[in-house]
Each structure stands twice: as structure tokens, then as C-alpha cells.
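Q: I'd like to learn how to read a couple of features off a model like this one. Can we go through them together?

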Amino acid sequence: MDLRMRVFIGIIMALAFLYVCTAIKRRVIDIRHALVWLVVCILLLILDIFPALLEGISKLLGFALPVNMLFFLGFLLAIVIIFGLSAKVSKLNEQVKQMTQDLALLKNELEEKTKP
Amino acid sequence: MKKLAIIPAYNEQGSILKTVNDLKQNAPDFDYIIINDCSTDDTQRICEENNLHVVNLPVNLGIGGGVQTGYQYAKTHDYDIAVQFDGDGQHNAKFLDAMVQKLVNEELDMVIGSRYIEKKGFQSSGLRRLGIRYFSWLIRRVTGQTITDPTSGMRICNRDVIDIYANDYPRDYPEPESVTSILKAGKKVREMPVEMNERSAGVSSISPRKSIYYMVKVSLAVLMAGKR
């Protein structure tokens with residue numbers, strides 16, 4: 001892999017890592033949800049810093065260029081995270097529905113009781 | 001025997017009073033509860049001014065969430081029988097007593113009011129009928145039983161099914177999926193002929209744009225319900 005590209009990718013990953021860290025500090029994102037992004041950053045950073053590792057794995061899996069392997073890995077991890085978020089949204093949806101129903105039924109009961 | 005009519009209503013200011021009056025006149029031994037699904041029109045005001053029994057959902061949940069709230073109400077208030085009775089004037093209360101009779105006499109778990117046994121009353125448009133025939137076929141493939149009107153919302157059920165639906169009910173376009181899941185749970189479901197009206201006001205939840213989503217979502221849901 002070209003050194004310039006490696007430096008470029010390395011800088012981007014380091015910045016992304018720092019950005020996620022400050023987001024945690026400023027409570028923009030919960031640590032539970034940030035962890036997986038940090039893992040992705042670190043993983044890609046390790047492979048970027050140790051190209052021998054990346055080349056070994058790419059050869060093993062039949063990728064023509066190690067950088068393709070790097071992109072593929074990043075893409076794959078992002079997809080996994082996005083699916084996890086979809087699942088989370090579904091769950092939140094269900095929880096909001098249950099709370100809405102409980103609240104509406106409680107309000108109805110209260111109104112029926114206070115009616116003359 | 002305590003009987004409840006669940007009336008899901010979303011923006012039904014033009015027909016909600018008529019629906020309730022129809023129930024009071026033609027099925028007087030039914031209690032009713034309107035589930036106002038966060039309507040943006042005057043539905044809530046009309047309900048309150050006329051002192052109707054209403055549960056106001058603070059957030060719009062869609063038809064499935066609304067109907068499920070009705071089943072939860074039926075469960076907590078200890079009803080023996082619940083019927084879903086649409087707030088848009090499509091259903092006729094005069095058929096309810098016969099449906100109760102059938103449910104009790106034949107010891108069934110659910111009776112569905114079908115438009116397609118005697119083919120009387122409003123029959124829906126051609127394309128929709130085709131869709132309904134398709135779902136009927138799909139449900140027969142999945143459960144081995146024939147439901148001629150799987151999208152009918154007019155369905156009366158006993159405590160067992162009230163319990164099931166209070167816990168688990170599909171979110172949108174619920175009818176074909178929910179009947180499949182109780183058939184799969186071994187519940188006894190029969191249909192009887194009813195006549196329905198064209199809606200007197202309001203708009204259908206299935207617009208042409210949504211019909212593709214509807215077909216795909218409901219097909220998948222029926223197949224999944226068959227596997228559970």
C-alpha cells in the first residue's frame with residue numbers, strides 16, 4: 001500500500017476516534033453505542049499501521065489489493081452497526097407503543113372515575 | 001356476559017356519532033369504547049361533547065396499535081366478548097347479535113363477518129377484491145383453512161383471543177396476519193355473511209401508493225405468522 005494513502009487513512013481514523021471520544025465526553029452519544037464505533041476505528045487503524053497483517057489476510061481471502069480488503073471490512077462493519085440500529089429502532093418503537101397504550105388506558109380510567 | 005365493541009377512530013369526525021348510534025340502537029347490549037388514535041380533526045371534541053366512552057392515544061399508533069389498545073381495554077375490564085367495529089360507518093351493528101350467537105353456540109374462538117359469502121352489500125373495488133382473493137389463497141396455503149374475507153375488520157372474539165391480541169397484535173394492516181396467527185395457534189375461526197357499507201366519510205388507510213408496500217408487508221407477515 002502506498003505510504004501517502006496509509007498516512008491519509010491513518011489520520012482520518014485517528015480523527016474519527018477523537019471525534020467519537022469527545023462525543024462521549026459531551027454526552028452526545030451513550031458509551032454503550034459509541035463502543036462499537038471505537039472498535040471499528042481501532043481495528044482499521046491497526047490494519048493501516050501494520051500493512052503486513054493486512055496483506056497477509058488479503059492474500060488468504062483472495063483480495064487483489066490489500067486496500068480493497070480494508071474498505072470491504074469498513075463497509076461490512078458499518079452495515080452490521082446499521083442493522084443493529086434498525087433492530088434498536090424497532091424495539092424502541094414497540095416500547096413507545098406500549099407506553100402510549102398504558103398511558104391512554106390509565107387516563108381513561110382516571111377520567112371515568114372522576115366523572116359525576 | 002359482558003360484550004364490548006372496539007371502535008378504532010382516526011379522523012372520523014363525520015361518522016363517529018353515526019357509528020355509536022348504530023351500535024346503541026341495533027346492538028344495545030354491547031358496551032363500546034372508541035380508541036381515538038390521536039386524530040387531528042374534531043373527533044376528540046365530538047366524543048367529549050357527547051360524553052362518549054373514549055380512550056385518547058397521546059401519540060398516533062396506527063390502526064394496529066389502536067385496535068390492540070381496545071383489546072387491552074377489554075382484557076382489563078374483564079369482557080367476555082369483543083368485536084372490532086370500524087368508526088367509519090362500514091360495519092352494520094344489526095349483524096352483531098347473530099355473530100355472538102354463532103360464537104357462543106358453536107363454541108368458536110372467533111367469528112369474522114364476511115362480505116363474500118352471500119356477496120351482498122358493498123363489495124369493494126375490483127383490484128381490492130383481487131388482493132383479498134390472493135390473501136385468502138395465501139392463508140389457505142399457510143393454515144389449510146379458508147377465510148373468504150381475510151381483510152374484514154368486523155370480527156368478534158372470545159376471552160382467549162382477546163388475551164392473545166392484547167399481548168401481540170400487528171402494527172399496520174393487521175387483519176390477514178392476526179387471523180393467520182390465531183389459526184396457527186389452533187383457535188377455531190368461522191365466518192358468517194354480513195353486509196358492509198361504503199365508508200361514509202374519511203379515507204382508506206390503503207392509498208394506491210401504499211398498496212405495493214401493503215401487499216409485500218402483509219404477504220411476508222402471513223408467511224412468518226405461519227412459521228411461528
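Q: Which helix gives the most to the nonpolar patch?
A: Keep in mind that this is a predicted model. Helix H3(A) gives the most, with four residues. Both helix H2 (31-49) and helix H3 (51-61) of chain A supply at least two residues each.

Q: Which residues form that patch, and how much accessible area do they have together?
A: On the surface you'll find A:Ile42, A:Ile46, A:Ile49, A:Phe50, A:Leu53, A:Ile57, A:Leu60 and A:Leu61, with about 770 Å² of accessible area together.

Q: Take A:Ile49, which lies in helix H2 of chain A. Why does A:Ile49 count as partly exposed?
A: Partly exposed is the band between buried, under 20% relative accessible area, and exposed, over 50%. A:Ile49 counts as partly exposed because its relative accessibility is 48%.

Q: Over to chain B. Where is B:Thr143 found?
A: B:Thr143 is in helix H5 of chain B, which covers residues 126-143.

Q: What backbone atoms does the side chain of B:Thr143 reach?
A: There are two to look at. The B:Thr143 side chain reaches the backbone oxygen of B:Ile139 at 2.8 Å, and also the backbone nitrogen of B:Gln145 at 3.2 Å.

Q: And which residues is B:Thr143 in contact with, leaving aside neighbours within four places in sequence?
A: Those are B:Thr180, B:Leu183 and B:Lys184.

Notes:
Residues numbered from 1 in each chain as written. Chains lettered and ligands numbered in written order. Predicted model: local features only at pLDDT ≥ 70, side-chain atom pairs only at ≥ 80, totals over all residues. Heavy atoms only, no water. Patch = residues over 30% accessible without salt bridge, like charges linked within 9 Å, V, L, I, M, F, W, Y side chains within 5 Å. Areas by Shrake-Rupley, 256 points an atom, 1.4 Å probe, with all protein chains shown as cover. Salt bridge = Lys/Arg side-chain N within 4 Å of Asp/Glu carboxyl O. Buried < 20%, exposed > 50% of the residue type's maximum accessible area, 1.4 Å probe, protein only. Contact = heavy atoms within 4.5 Å. Polar contact = N/O pair within 3.5 Å; in protein donor to acceptor, adjacent residues only side chain to side chain.
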